[in-house]
Amino acid sequence: MPDTSDLTSADAMISAAWGHPVDELYDYLREGSTHDPALVAVLRVRTALVIDDSDVTVHRERIHSLTRKGNVPLHHDLQQLSSSSAELRQAHAANQARLHAIRAIIDAYPEGHLAQGLTRSLDRSAAVRAEAARARSSTPTPVPPADTQNTGHTANAGTHNEVRSPRR
């Protein structure tokens with residue numbers, strides 16, 4: 001079995017393509033700092049890969065517990081061993097398919113394009129946030145004149161001298 005999991009390989013590919021660790025990329029999307037559709041697609045595939053990777057771990061542990069040294073499997077253990085090994089092969093195949101999907105998305109762009117696009121997007125986002133902060137700090141808060149009355153919801157209620165017409 002390989003030393004690195006498919007998830008580790010995917011994380012290395014994603015980090016190399018965008019130039020940032022995967023956790024930071026999730027944060028950028030969550031904060032709205034970037035709207036890169038390729039990044040969204042890759043991280044969605046990676047999320048499915050995380051689930052499949054945990055399935056692989058569970059099936060491996062189950063197989064190891066059933067085949068530990070000194071253990072003689074019983075009849076029902078053989079059925080569980082067989083189904084666990086089939087599910088492990090299926091989970092490995094799903095992992096490989098997702099890893100290939102991530103590689104295909106990344107390979108669709110020229111080398112360095114994704115990292116440069118993310119940098120431009122983060123720079124634009126930072127500029128927009130800085131502009132909004134300057135606008136908030138330089139805009140004076142309007143203060144109502146002191147001589148006007150508060151005419152809130154009571155302005156429509158009328159006065160007691162007003163004559164009301166009967167309803168029809």
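**Helices and a pocket: a quick chat**

Colleague: How many helices and strands does the protein chain come to?

Modeller: Bear in mind that this is a predicted model. Reading along the sequence gives α-α-α-α-α. So under the DSSP run rules, the secondary structure comes to five helices and zero strands.

Colleague: Take helix α3; how far does it reach from its first C-alpha to its last?

Modeller: Helix α3 covers residues 37-66, which is 30 residues. At 1.5 Å a residue you'd expect 44 Å, and the model comes close to that. The reach is 44 Å.

Colleague: Which residue caps the N-terminal end of α3?

Modeller: Look at the backbone nitrogen of Ala38: a side-chain oxygen sits 3.1 Å from it. The cut-off for a polar contact is 3.5 Å. The residue that supplies the oxygen, and caps the helix, is Asp36.

Colleague: Which class of residue has seven members in the lining of the largest pocket?

Modeller: That pocket holds about 210 Å³ of space and has 13 lining residues, with Thr34, Asp36, Gly117, Leu118 and Ser121 nearest its centre. Three of the lining residues are nonpolar and three are charged. The class with seven is polar.

Colleague: What share of the 168 residues in the protein chain is buried?

Modeller: Here the under 20% cut-off is what counts. Buried residues make up 25%.

Notes:
Residues numbered from 1 in each chain as written. Predicted model: local features only at pLDDT ≥ 70, side-chain atom pairs only at ≥ 80, totals over all residues. Heavy atoms only, no water. 1 Å grid on protein atoms, 1.4 Å probe; cavity = no way out; pocket = protein on both sides within 12 Å on 5 of 7 lines; lining within 4 Å. Points joined across faces, edges and corners; volume = space filled by probe spheres on them. Nonpolar A, V, L, I, M, F, W, Y, C, P; charged D, E, K, R; others polar. Helix = DSSP H or I, 4+ residues; strand = E, 2+ residues; numbered from the N terminus. Expected span 1.5 Å × (residues − 1). Polar contact = N/O pair within 3.5 Å; in protein donor to acceptor, adjacent residues only side chain to side chain. Buried < 20%, exposed > 50% of the residue type's maximum accessible area, 1.4 Å probe, protein only.
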